[in-house]
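These are my notebook entries on a structure that was new to me. I set down what I looked up, entry by entry.

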Amino acid sequence: MPRANPIDKHDVRRRALAESALRTLGELGYAKSSLREIANNSEFSHGVVHYYFSDKLQLIVYCVKYYKQKCVTRYDRVVADATSPEGLLVAFTDKLRETIVEEAPMHRLWYDLRSQSMFEESLREAVGQIDRALEEMTWRVVTRYAQLCGVEPSLTPNTAYGMLDGLFQQALLGYLSQDEESLDVLSAQVHQLMPLILHPAPASVSHIQ
């Protein structure tokens, strides 16, 4: 039987630590979490956590990257299974609602980390990488929707991501504030926004003549 690659075993343990740490991080947020606090709320000792992650920053960045990578694959399935524009919108908004309900603390941690990056330069590279991955994921949804509609998107990937992310963050805040209508509002807003993203650019004067 082939022996496991030590690097693979190391990464497996880091992923297990991340799964455990995410629960504590989602509840406490960036500022209130420490390696010791995370260890105290997991099955791992402080020494083990510190062995695999040199400090809180390294652990939190790893955890958020790990979680967001899992999120991206969920929406890729939505894109792959879509056969009509309306079907894609329904599946997309259902997934947005589901992830807020089931994983609100994780999303709250992400927005916390992104805000902290404005003050802590050491966070910016990692936050930028995660943001780009989320932008690419959003763009895959938008371009598939456009393809099903038989048109081209009229906005840039960055703009489309900014608009959809803004709606998602508002819905998350509403949900955390126990606004019972926040998820329905999110679904309605996404249904309203997506067709606008596809509006063709105005015809040039040369085309009109």
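**Entry 1: Valine 190.** I looked up what valine 190 touches, leaving out residues up to four places away in sequence, and I found Leu89, Phe92, Thr93, Leu96, Leu164 and Leu167. Contact here means heavy atoms within 4.5 Å.

I note the basis of these entries: the model is predicted, local features need pLDDT of at least 70, side-chain atom pairs count only at pLDDT 80 or more, and totals for chains, interfaces and linings use all residues. Residues are numbered from 1 along each chain as its sequence is written, and side-chain values use heavy atoms, with hydrogens and water left out.

**Entry 2: The core.** I then turned to the largest nonpolar core, which has 62 residues; Leu59, Phe92, Val190 and Met194 touch the most other members. Such a core is a set of buried Ala, Val, Leu, Ile, Met, Phe, Trp, Tyr and Cys residues joined through side-chain atoms within 4.5 Å. Buried means under 20% relative accessible area, exposed over 50%, and partly exposed in between, with a 1.4 Å probe and protein chains only.

At least two residues of this core come from each of helices H1 (6-32), H2 (35-40), H3 (46-52), H4 (56-81), H5 (85-116), H6 (121-149), H7 (157-176) and H8 (182-197). H4 gives the most, with 13 residues. Helices (H or I, at least four residues) are DSSP runs numbered from the N terminus.

**Entry 3: Aromatic pairs.** How many aromatic pairs are there? I count 3 aromatic pairs, where rings of Phe, Tyr and Trp (its six-membered ring) pair if their centres lie within 6.5 Å; planes under 30 degrees apart are stacked, over 60 edge-to-face, and the rest tilted.

Tyrosine 51 and tyrosine 52 form an edge-to-face pair, at 4.9 Å centre to centre and 85 degrees between the planes. Tyrosine 51 is exposed at 62% relative accessible area, whereas tyrosine 52 is buried at 15%.

The rings of tyrosine 75 and phenylalanine 92 have centres 5.8 Å apart and planes at 75 degrees, so I record this pair too as edge-to-face. Because tyrosine 75 lies in helix H4 and phenylalanine 92 in helix H5, the pair ties together parts 17 residues apart in sequence. Tyrosine 75 is buried at 6% relative accessibility, and phenylalanine 92 is buried at 4%.

**Entry 4: A charge over a ring.** I found the charged end of arginine 14 over the ring of tyrosine 62, 4.6 Å from its centre. The rule asks for NZ of Lys or CZ of Arg within 6 Å of the ring centre and within 35 degrees of the ring normal.

**Entry 5: Serine 187.** Serine 187 is in helix H8. Is serine 187 buried or exposed? I find it buried, at 11% relative accessibility. Apart from neighbours within four places in sequence, serine 187 contacts Thr93 and Arg97.

**Entry 6: Glutamine 178.** I noted a positive phi, near 65 degrees, at glutamine 178, a residue other than glycine. Most residues other than glycine have a negative phi. Glutamine 178 sits in the loop between H7 and H8 and is exposed at 71% relative accessibility.

**Entry 7: Confidence.** Lastly I checked pLDDT, the predictor's confidence in each residue from 0 to 100. The protein's mean is 85, and 91% of its residues reach 70 or more. Over residues 204-209 the pLDDT is below 50, and beyond near neighbours in sequence this stretch has 1 contact in the model. Where pLDDT is low, the predicted coordinates should not be read in detail.
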